[in-house]
Amino acid sequence: MTADHRRAAVLCGIGTWLPPRVVTNDDLAQQLDTSDEWIRSRTGIRERRVIDPGTSTSDLAVEAGARALKSAGGGNVDLVIVATTTPDHPCPSTAPEVASRLGLTGVPAFDLNAVCAGFVYSLATAVGHIVAGIASRVLVIGADTFTTVLNPHDRTTVAIFGDGAGAVVLRAGTADEPGALGPFDLGSDGTNAELLIVPAGGSRQRGSGQPLDPADVHFRMDGQPVFRNAVTRMSESAAKVLAQAGWRIEDVDRFACHQANARILTAVARTLEVPEERVVMNVDRVGNTVAASIPLVLADAAAAGDIVPGHRVLITSFGAGLGWGSTVITWPDIDLG
Ligand code: COA
């Protein structure tokens, strides 16, 4: 293989944080008309983590961010991106507070909202900053407390989502190093925005002036078309990024797909013809953690020895917007904490 000395962004640290409170399917069945059997068979989820009152997205982000920085050997970064759809406040963004609490006051910091595709979009944004020479070391955090926007009486959504955070540090390096990210495939489809939406609270339906319709303040989801779109979009996006990378499907050692639902993961893997044993999964333990999903499943699989240095990993995600994104990485030898 010829050396490729183009400037690239290289993964050099990873860290995660989950709130301590575990909510099992049986716990949900005590409040809602559902059952462990229904949730497990339709989604593969057994339990999820849920924040307690007083905890917010920034709290999870700071914990995950601190662990990623430690895994990267400490030192500063020159950009912080927080992928989230559940910021601490509608204004300001959450990233500056997260940066300050990590001792990074003065460093540029912003939120990126691309819902469940937010982490992959943020990776692409960080790569762009590094390759353009605007930054040389970037902390990318995916953090969401999506349980805070759910209707507690809606059994369909309460069963699926959980809270959590995951983070990585990217440094400037070269394209032929293990850990170099990319290429990327990103996409969106606003014509299907209504399929996954919190109708009120933004500029179209604000809290000031007219009172908000209580039916509109929570997340709504039209499950079946979401399922179909998730499978199609992630399969197409993953295939495109493989073609850009010049990888064949048999080159993929591990497939890290957005942990929306075990049936979605299996359907995407089957469409791509990735063998089941190469698909990494933690949706059974954490549910759908939105922007935290990809770093959480990567870190879990690496900690379990299921992803090892040298593995070629295909990453793909999909979420509300609609939005989707994929990338590839050869897993580096990093400190897992
Ligand atoms: N427990 C028991 N019953 C439930 C339930 C739950 N947690 N959630 C929904 N149901 C009910 C529905 O109310 C419906 O009842 P009805 O027939 O009396 O109206 C019935 O189950 C069937 O609903 P349906 O939507 O057809 O089920 P489904 O097989 O499509 O499964 C999902 C529902 C949500 C699991 C499935 O559509 C899905 O996984 N969609 C993708 C969701 C997702 O991943 N979103 C995030 C994308 S990033």
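1. At 27% relative accessibility, Asp-306 counts as partly exposed. Its salt-bridge partner is Arg-254, with the closest N and O atoms 3.1 Å apart. Arg-254 is buried, at a relative accessible area of 15%. The pair joins distant parts of the chain, 52 residues apart: Arg-254 sits in strand β11, Asp-306 in the loop between α10 (293-303) and β12. Keep in mind that this is a predicted model.

2. Now the overall layout. The domain assignment gives domain 1 (7-174) and domain 2 (181-330). Their C-alpha centres lie 14 Å apart. Domain 1 puts 46 residues into the contact, and domain 2 puts in 40.

3. The size of an interface is often given as the accessible area lost when the parts come together. Here the two domains bury about 3300 Å² between them. Carbon and sulfur atoms account for 70% of that. On the domain 1 side, Cys-116, Val-120 and Tyr-121 supply 18% of the area buried against domain 2, more than any other three residues.

4. Polar links cross this interface too. There are 12 residue pairs in polar contact, both at pLDDT 80 or more. Several elements of domain 1 supply at least two residues each to the side that touches domain 2, among them β1 (7-17), α2 (36-43) and β7 (164-174). The largest share, 6 residues, comes from α5. By type, that side of domain 1 divides into 26 nonpolar, 13 polar and 7 charged residues.

5. The count of salt bridges between the domains is 1. Asp-284 and Arg-46 meet in a salt bridge at 3.1 Å, N to O. Arg-46, Asp-284, Arg-285 and Asp-300 are linked in a network of salt bridges. Asp-300 lies in helix α10 and Arg-285 in helix α9, so the pair ties together parts that are 15 residues apart in sequence. Asp-300 is partly exposed at 25%, and Arg-285 is partly exposed at 34%.

6. The structure holds 17 salt bridges. One of them joins Glu-177 and Arg-171 at 2.7 Å, N to O. Glu-177 is partly exposed, with a relative accessible area of 25%. Arg-171 is partly exposed as well, at 27%.

7. Helix α8 (residues 262-272) deserves a look. Its buried residues include Ile-264, Leu-265, Val-268 and Leu-272. Their cover includes α2, α7 (223-245), β11 (254-257), α9 (283-286) and β12 (312-319). At the start of α8, a side-chain oxygen of Asn-261 reaches to within 2.7 Å of the backbone nitrogen of Arg-263. Just after α8, Glu-273 takes a positive phi of about 65°.

Methods: Residues are numbered from 1 along each chain as its sequence is written. Side-chain values use heavy atoms; hydrogens and water are left out. Domain bounds come from an automatic or database domain assignment. Contact means heavy atoms within 4.5 Å. Buried area is the accessible area (1.4 Å probe) that two parts lose on being put together, summed over both. A salt bridge is a side-chain nitrogen of Lys or Arg within 4 Å of a carboxyl oxygen of Asp or Glu. A polar contact is a pair of N or O atoms within 3.5 Å; within protein, one must be able to donate a hydrogen and the other to accept it, and residues adjacent in sequence count only if both atoms are side-chain atoms. Helices (H or I, at least four residues) and strands (E, at least two) are DSSP runs, numbered from the N terminus. Ala, Val, Leu, Ile, Met, Phe, Trp, Tyr, Cys and Pro count as nonpolar, Asp, Glu, Lys and Arg as charged, and the others, Gly among them, as polar. Buried means under 20% relative accessible area, exposed over 50%, partly exposed in between (1.4 Å probe, protein chains only).
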